[in-house]
Amino acid sequence: LDAYSCSCNITLAFGYGVCSDYAELFRNMCIRVGIPCEVVIGEDKASGIGHAWNAVYIDGQWLYVDCTWDDPISKKPQLLHDYLLVGPEKMAKDHVWEGPDYPGA
């Protein structure tokens with residue numbers, strides 16, 4: 001196993017990325033520890049701008065994680081947990097999914 005072949009290592013190396021970088025890195029980390037995880041593509045409901053986040057299968061259900069929105073840009077480093085393992089109802093308040101497989105599509 002080539003432990004460092006992840007194409008998203010550049011996100012780690014430079015310490016920043018856009019939402020799809022966060023989502024791909026998180027997916028890769030989950031898969032490596034045996035957690036089923038998918039990248040979800042959609043939009044920020046307020047702005048209509050494209051966005052990416054994750055769906056993870058935990059304890060028999062699919063839940064959502066938005067690493068980007070839980071890592072706000074600020075002068076003081078902070079880490080939020082507002083979008084960690086939340087259900088589709090919470091995500092649908094400000095996220096819009098693309099495709100027929102996701103709630104709110």
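Is Y16 buried or exposed? Y16 is exposed, at 58% relative accessible area. Keep in mind as you read on that this is a predicted model.

1. **Y16 and its neighbours.** Y16 sits in the loop that links α1 (9-14) to α2 (19-32). Together with I10 and F14, Y16 makes up a nonpolar patch on the surface.

2. **Overall fold.** The protein has three helices and five strands. Reading from the N terminus, the order is α-α-β-β-β-β-α-β. So much for the layout; the contacts are worth a look too. If you take contacts between residues at least 6 apart in sequence, 38% of them join residues at least 24 apart.

3. Of the 105 residues in the protein, 30% are buried.

4. **Cysteines.** How many disulfides does a search of the whole structure find? The search comes back with zero. The pair to check by eye is C30 and C37: the cysteine sulfur closest to that of C30 belongs to C37, at 4.1 Å. A disulfide needs the two sulfur atoms within 2.5 Å, so the sulfurs of C30 and C37 are too far apart for a bond. C30 is buried, with 5% relative accessibility. C19 is buried as well, at a relative accessible area of 17%; the cut-off for buried is under 20%.

5. **The salt bridge.** The count here is one salt bridge. It joins the side chains of R27 and E24, with an N to O distance of 3.4 Å; the rule asks for a nitrogen within 4 Å of a carboxyl oxygen. Why are these two residues about one helical turn apart? Because R27 and E24 are three residues apart in helix α2, about one helical turn separates them.

6. **How open that pair is.** The band for partly exposed lies between the buried limit, under 20%, and the exposed limit, over 50%.

7. **Where to look.** If you have the model open, α2 (19-32) is a handy place to start. Helix α2 holds R27 and E24, whose side chains meet in the salt bridge.

Terms used
Residues are numbered from 1 along each chain as its sequence is written. This is a predicted model: local features need pLDDT of at least 70, side-chain atom pairs count only at pLDDT 80 or more; totals for chains, interfaces and linings use all residues. Side-chain values use heavy atoms; hydrogens and water are left out. Helices (H or I, at least four residues) and strands (E, at least two) are DSSP runs, numbered from the N terminus. Buried means under 20% relative accessible area, exposed over 50%, partly exposed in between (1.4 Å probe, protein chains only). Contact means heavy atoms within 4.5 Å. Patches are made of residues with over 30% relative accessible area and no salt bridge: like charges are joined within 9 Å, nonpolar side chains (Val, Leu, Ile, Met, Phe, Trp, Tyr) within 5 Å. Accessible areas come from the Shrake-Rupley method with a 1.4 Å probe; for residues, only the protein chains shown count as cover.
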